[in-house]
Amino acid sequence: MSLLEALAEQEARLVFTSFDNDVALALGAFLLEAARERSLPVTISVRRGQQRLFHAALPGTSADNDEWIDRKSRVVDRYGQSSYRVGESFRANGRTFEVDSRLDPDRYAAHGGVFPVTVAGVGVVGTVGVSGLPQAEDHAFVVEQVEKFLATT
């Protein structure tokens, strides 16, 4: 399975039955606990639409991580796919997101770390993401935690 196929499979598999403020807060707390256990220097964000419902910044992060999450979240909002998958799609076609998307790179970043919150029968309703690690690690951490969270709900 190629990386793009694996990323698409993750998005198809990791689907919520519902998503409201309480679920968003529980999801954010779940990621925060896991990040603290591993002493990860990450900023965590959970949003529904344009509303940020959960935000936490652990030691080792800065305001730059907030900007990265916002830029990656805009990519998910626009494409309905993980920020990592969008960037990989461009790279797999021999292009770069920064040039070929024609979007302002100060506002959009197709780097790993923000994942779509998809509700069954509805579609993408928000985002969950982290910033602070290399992009593949940001993405892998979010996917791992969303998978574990969904298994407990």
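1. Two strands are taken as paired if DSSP finds at least two bridges between them. Helices (H or I, at least four residues) and strands (E, at least two) are DSSP runs, numbered from the N terminus. The model is predicted, so local features need pLDDT of at least 70 and side-chain atom pairs count only at pLDDT 80 or more, while totals for chains, interfaces and linings use all residues. Residues are numbered from 1 along each chain as its sequence is written, and side-chain values use heavy atoms, with hydrogens and water left out.

2. E3 and E4 run antiparallel and are joined by six bridges. Within this pair, Val117 has Gly126 of E4 as its bridge partner. The two strands form a hairpin with three residues between them, and Gly121 in the turn has a positive phi of about 80 degrees. E3 is mostly covered, with six of its six residues buried; buried means under 20% relative accessible area, exposed over 50%, and partly exposed in between (1.4 Å probe, protein chains only).

3. The sheet as a whole is open and has four strands in the order E2-E1-E4-E3, with antiparallel pairing. Strands E2 (51–57) and E3 (114–119) are at the edges with a single partner strand each, so one side of each is left without a neighbour in the sheet. From one strand to the next the twist averages 15 degrees. Axes here are lines fitted to C-alpha atoms, for helices over the stretch in contact, and angles run from 0 to 180 degrees between N-to-C directions.

4. Strand E1 (residues 43–48) pairs with strand E4 (residues 123–131) over six bridges, in the antiparallel sense. Val46 has Val128 in E4 as its bridge partner.

5. Two packed helices are described by the angle between their axes and the distance between the axes. For helix H1 (residues 3–13) and helix H4 (residues 83–92), the angle is about 155 degrees and the axes are 10 Å apart. That makes H1 roughly antiparallel to H4; angles under 35 degrees count as roughly parallel, over 145 as roughly antiparallel, 65 to 115 as roughly perpendicular and the rest as oblique. H1 passes H4 in a left-handed crossing, a term used if the near helix is turned anticlockwise from the far one by less than a right angle, with right-handed used if clockwise.

6. Which residues of H1 and H4 meet? From H1 they are Leu3, Leu4, Leu7, Ala8 and Glu11, and from H4 Tyr84, Arg85, Glu88, Ser89 and Ala92. By class, this contact of H1 with H4 has six nonpolar, one polar and three charged residues. Contact means heavy atoms within 4.5 Å; Ala, Val, Leu, Ile, Met, Phe, Trp, Tyr, Cys and Pro count as nonpolar, Asp, Glu, Lys and Arg as charged, and the others, Gly among them, as polar.

7. H4 is mostly covered, seven of its 10 residues being buried. The buried residues are Ser83, Tyr84, Arg85, Val86, Gly87, Glu88 and Phe90. They pack against H1, helix H3 (63–79), helix H5 (97–100), E3 and H6. After H4 comes Gly94, with a positive phi near 70 degrees.

8. Helix H2 (residues 21–37) and helix H6 (residues 135–152) cross at roughly 125 degrees, and their axes come within 10 Å. That makes H2 oblique to H6, and the crossing is right-handed. H2 contributes Val23, Ala26, Leu27, Phe30, Leu31, Ala34 and Ala35 to the contact, and H6 contributes Phe141, Gln145, Val146, Lys148 and Phe149. By class, the contact of H2 with H6 has 10 nonpolar, one polar and one charged residues.

9. Leaving aside neighbours within four places in sequence, Gln145 is in contact with Phe30, Leu31, Ala34 and Arg38.

10. Most residues other than glycine have a negative phi. Ser39 has a positive phi, near 55 degrees, and is not a glycine. Ser39 is in the loop between H2 and E1 and counts as exposed at 62% relative accessibility. Arg102, also not a glycine, has a positive phi of about 65 degrees. Arg102 is in the loop between H5 and E3 and counts as exposed at 77% relative accessibility.
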